[in-house]
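These are my notebook entries on a structure that I opened for the first time. I record what I looked up, entry by entry.

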Amino acid sequence: MEALLNKTPIVIVTRKLPETVETRMGELFNVKLNDADQPMDREALAQAMQEADVLVPTVTDRIDADLIDRAGPKLKLIANFGNGVDNIDVTAAHAKGIVVTNTPNVLNEDTADMTMALILATPRRLVEGASHLLGENEWSGWSPTWMLGRRIWGKRLGIIGMGRIGVAVARRAKAFGLSIHYHNREPIDDSTHKELDATHWDSLDQMLAHMDIVSVNCPYTPATYHLLSERRLELLQSHAFVVNTARGEIIDENALIRLLEENKIAGAGLDVFEGEPKVNPRLSKLAKGGRVVLLPHMSSATIEGRIEMGEKIIINIRMMASGDRPPDRVLPSMI
């Protein structure tokens, strides 16, 4: 930390941020911005990590052990613009004395809003219906048997990961008349449990077999890679829907696609994908057929959220520069 004392730190930002955030950074730091907003390639990242005191990457920047090993001696802080840090080898950074921070608890409500939107949109075929009015065929009018979806009220929602986002989703879902079920490492606190009238399932397998809608809201770690494996996806009932606003890697995407194609799962609402930014063309085909709602990783995309993330970045940098511990420091034991 001492390396940043009594100097204006050189801060390199890998992507374009909201204008108010960039302006404030420019007032406080010696900042180098990415005005083109094009992702840095590996060599550009390596060069930035040679020059910077502080690197501000995003979720799409893969900061692995090799890049960290090549980092210059000045780099003391990687201030990630995002809640998750699965794009950074935190263990390697910690071993080299580089502090890693994130922006936690900013996007809980925004992500919960979008999760709820997908919970509503997918069973009720909202995107499919809206697209019909924009197509070549003229709408012939209301029909008692056309565009029939599934009722939301009274259905069972199974939430995987009952952290702050999971609880925020549960509160919204309860207002829509869904019964709340969840799988978590530990049950939530008694007051929230009572508020939500929630059911905790020790067994993820058993919960999946009984749900109408499953929402993925857990963080992505090595332990949650393909948590919804082919075996587990096959436990779902044929009328069940899957919603994912967490990370694409948590679901075995090929298995999910196969089960959708074989009508063994009713549908899916996905904001994240394996292999982003590429989207499996089989998923796109299913979306055109109305079985799937696809969004381009936008559950956290609000102006307010992005500005708050930037404010957290600035606080972490300022604390580090003053020789204090940044409030949002991430340690290997926390992952």
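This is a predicted model: local features need pLDDT of at least 70, side-chain atom pairs count only at pLDDT 80 or more; totals for chains, interfaces and linings use all residues.

**Entry 1**

After H11 comes Asn263, and I noted its positive phi, near 60°.

The side chains of Glu261 and Arg282 meet in one, at 2.9 Å from N to O. Glu261 belongs to helix H11 and Arg282 to helix H12, and this pair links distant parts of the chain, 21 residues apart. Glu261 counts as partly exposed because its relative accessibility is 39%. Arg282 is likewise partly exposed, with a relative accessible area of 33%.

**Entry 2. The sheet**

I turned next to the strands. I recorded an open sheet of 7 strands with parallel pairing, in the order E8-E7-E6-E9-E10-E11-E12. Strand E8 (199-200) and strand E12 (292-294) stand at the edges with a single partner strand each, so one side of each has no neighbour in the sheet.

I checked two of the pairings. Strand E6 (residues 156-160) and strand E7 (residues 179-183) run parallel and are paired over 5 bridges. Within this pairing, Ile159 stands opposite Tyr182 in E7. Strand E10 (residues 241-244) is joined to E11 by 4 bridges, also in the parallel sense. Val242 has Ala268 in E11 as its bridge partner.

I asked whether the faces of E11 are covered or open, and found that both are covered. Gly267 and Gly269 lie on one side, Ala268 and Leu270 on the other, and all of them are buried.

I then looked for a helix lying on the strands. Helix H7 (residues 164-175) lies across E6, E7 and strand E9 (213-216), and runs at about 170° to E6.

**Entry 3. Salt bridges**

I looked up how many salt bridges the model holds, and the count comes to 22. One of them joins Asp205 and Arg231, with the closest N and O atoms 2.8 Å apart. Asp205 is partly exposed, with a relative accessible area of 22%. Arg231 is partly exposed as well, at 45%.

I also noted the pair Asp328 and Lys312, whose closest N and O atoms are 3.7 Å apart. Asp328 lies in the loop between helix H13 (303-321) and strand E13 (329-330), and Lys312 lies in helix H13, so the pair ties together parts 16 residues apart in sequence. Lys312 is partly exposed at 24%.

I found a network too: salt bridges with shared partners join Arg42, Glu43, Asp64, Asp66 and Arg70.

**Entry 4. Backbone exceptions**

Before this search I wrote down the general rule: most residues other than glycine have a negative phi, and most peptide bonds are trans. Asp37 has a positive phi of about 60°. Asp37 lies in the loop between strand E2 (30-32) and helix H2 (42-51), and is partly exposed at 29% relative accessibility. Asp197 also has a positive phi, near 50°. Asp197 is placed in the loop between helix H8 (190-196) and E8, and counts as exposed with a relative accessible area of 61%.

I then looked up a cis peptide bond. The bond from Glu276 to Pro277 is cis, with omega near 10°. Pro277 lies in the loop between strand E11 (267-270) and helix H12 (281-288).

**Entry 5. A nonpolar patch**

Last, I examined the surface. Leu133, Leu134, Trp139, Trp142 and Trp146 make a nonpolar patch of about 710 Å². Leu133 lies in the loop between helix H6 (126-132) and E6, and counts as exposed because its relative accessibility is 57%.

Key
Residues are numbered from 1 along each chain as its sequence is written. Side-chain values use heavy atoms; hydrogens and water are left out. Two strands pair if DSSP finds at least two bridges between them. Helices (H or I, at least four residues) and strands (E, at least two) are DSSP runs, numbered from the N terminus. Contact means heavy atoms within 4.5 Å. Axes are lines fitted to C-alpha atoms, for helices over the stretch in contact, and angles run from 0 to 180 degrees between N-to-C directions. Patches are made of residues with over 30% relative accessible area and no salt bridge: like charges are joined within 9 Å, nonpolar side chains (Val, Leu, Ile, Met, Phe, Trp, Tyr) within 5 Å. Accessible areas come from the Shrake-Rupley method with a 1.4 Å probe; for residues, only the protein chains shown count as cover. A salt bridge is a side-chain nitrogen of Lys or Arg within 4 Å of a carboxyl oxygen of Asp or Glu. Buried means under 20% relative accessible area, exposed over 50%, partly exposed in between (1.4 Å probe, protein chains only).
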